[in-house]
Amino acid sequence: MNKNVTDTNTMKGQSVSHAGTSARNWPSNPDVVIIGAGAAGLSAGRKLRKKGLSFIIVEAADRVGGRAWTESQSFGVPVDHGCSWISGSDKNPFTKFADDLGYTLVEHTRAGTDLFDLDGNPADEAGHEAYDDAWDAIIKPIGKAGKKGRDVAASSVVPTVRFGASVQSWLGSMDYGVDLDQISTRDFWNTDSSQPSMFVREGLGSVVATLADGLPISLGTQVTAIDWSGQGVTVETSKGTIKAGTCLITVSTGVLAANKIKFTPDLPDWKQQAAHDIPMGLLIKVPMLFDGARLGLGDNKWVTYELPDEKAGEGCFFIAWPCSHDYVFGNIGGRFGWELYAEGQAAVLDYAMGEMVKLVGSDARKHFIKGFATDWADNPLTLGAYGAVRPGAPKARDHLAEPLGDRLFFAGEATHKRVPALVNGAYLSGKKAAKKMLKVLA
């Protein structure tokens, strides 16, 4: 196991505790300092280690993984607070990671949907057909506009159809973390399909955590300032100062846009604008544990209901009994998610339970044990869930990823054009940034 990071029960969805490396154990004047021990930072570290470079990863949290986090304390079984799916599993590197490590992969490509109509009744055959048709009716015009190079709001090209508001909620607030009027048709077109997809029974976050094995990581180490005015970089942290040849920055666009790190000299205007042009969206996950009753919902199924046209982007749609665990998790996002979370996590859980009761009846409350809402909305290390490009900013991801002065490099899910907002996008961006740094350091 890692000699620099104390790791307990990393495997198979168990909780992970990392003591981290102390300032006195930092490499002396390393080639690279990596800010953030999420998938991007860990991927870069693995690449640099393979090439024999010296580096240190500093992480403000008390754990690795970033927005990929599995814990088992809440329910006694693995629960992913962040990313849950191995999306595009036929090309996703985490498919092989999980398989090689002996994790249990559960197919979720054709999981099926428990669908309900406006009155909360199970949808009939015509309802299911209308729902399927709505996906085509919404996706095709967005993709067509993007393919033609039109960089407009996705909401401006979609028709009004039955179940259209529900599909817009899945595509926008629950997939991108923002509503359709905040999604660029061009960015949508550039994004690869998320299918096929898989769950990891032991938790995807636990797979990501294994990437930290053997890497020099200092946890609980907040970066406050970066001076890149000289030939190298000087990074000020809560545990001391690090001088290095280059710096890889993997923090969220929310953290960059909020100026949580002081840069000397300041980041150029175009770089700062890129962070603002990929604002953090919000997806709140609401895991709810039950006593084993299935409430008429199928294992691993999507649970969706019809929304009025004026409610697009709202609602709480569910995944029932993922990997046959005895919990469901709700999904709430976009503007509605921000507004609801402002009322408190208890209000979020209460709303999600209320929506569940509308669909399956009062038995939901009878069999309910406990639940919670994830806190990405006010987590100071993320300030949201993941980034979505504003309409009218087609170069934002390119600008965000652009290195500065051969000293500052950038990675993270927001920098990847084909698989943004996904853990594999973060991983691939870190690997790509490491290759850039290797050329400079050579």
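User: In which loop is Cys323 found?

Analyst: The model is a predicted one, in which local features need pLDDT of at least 70 and side-chain atom pairs count only at pLDDT 80 or more, while totals for chains, interfaces and linings use all residues. Residues are numbered from 1 along each chain as its sequence is written, and side-chain values use heavy atoms, with hydrogens and water left out. Helices (DSSP runs of H or I, at least four residues) and strands (runs of E, at least two) are numbered from the N terminus. With these names in place, Cys323 is found in the loop between β18 and β19 (327-333).

User: Is Cys323 buried or exposed?

Analyst: The backbone of Cys323 has a positive phi of about 55 degrees although the residue is not a glycine. A residue is called buried under 20% relative accessible area, exposed over 50% and partly exposed in between, using a 1.4 Å probe and protein chains only. Because the relative accessible area of Cys323 is 8%, this residue is buried.

User: Cys83 is in no disulfide, so how far away is the nearest cysteine sulfur?

Analyst: For Cys83, the nearest cysteine sulfur belongs to Cys323. The distance to that sulfur is 13 Å.

User: How many salt bridges are found in the whole structure?

Analyst: Side chains of opposite charge can pair when their charged atoms come close. A salt bridge is counted when a side-chain nitrogen of Lys or Arg is within 4 Å of a carboxyl oxygen of Asp or Glu. Under that rule, the number of salt bridges in the whole structure is 15.

User: How many residues apart in sequence are the parts tied together by Arg162 and Glu306?

Analyst: Arg162 forms a salt bridge with Glu306, with the closest N and O atoms 3.2 Å apart. Arg162 lies in the loop between α3 and α4 (164-176), and Glu306 in the loop between β17 (301-305) and β18 (317-320), so the pair ties together parts whose separation in sequence is 144 residues.

User: Which residue forms a salt bridge with Arg397?

Analyst: The salt bridge of Arg397 has its closest N and O atoms 2.9 Å apart, and the partner is Asp187. The pair links distant parts of the chain, 210 residues apart, with Arg397 in helix α12 (residues 396-401) and its partner in helix α5 (residues 185-190). Both are buried, Arg397 as well as the residue asked for, Asp187.

User: Which helix gives the largest share of the positive patch?

Analyst: Patches are built from residues with over 30% relative accessible area and no salt bridge, where like charges are joined within 9 Å and nonpolar side chains (Val, Leu, Ile, Met, Phe, Trp, Tyr) within 5 Å, with areas from the Shrake-Rupley method, a 1.4 Å probe and, for residues, only the protein chains shown as cover. Lys and Arg count as positive and Asp and Glu as negative, while His and the chain ends are not counted, and each charge is placed at NZ of Lys, CZ of Arg, CG of Asp or CD of Glu. The positive patch on the surface gathers Lys50, Lys51, Lys431, Lys435 and Lys439. Its largest share, 3 residues, comes from helix α13 (residues 423-441).

User: In which helix is Asp133 placed?

Analyst: Asp133 takes part in a negative surface patch, together with Asp124, Glu125, Glu129, Asp132 and Asp136. The place of Asp133 is in helix α3 (residues 125-147).

User: Which residue does a cis peptide bond join to Gln195?

Analyst: The omega angle of this cis bond is about -5 degrees.

Key
A disulfide is a pair of cysteine sulfur atoms within 2.5 Å.
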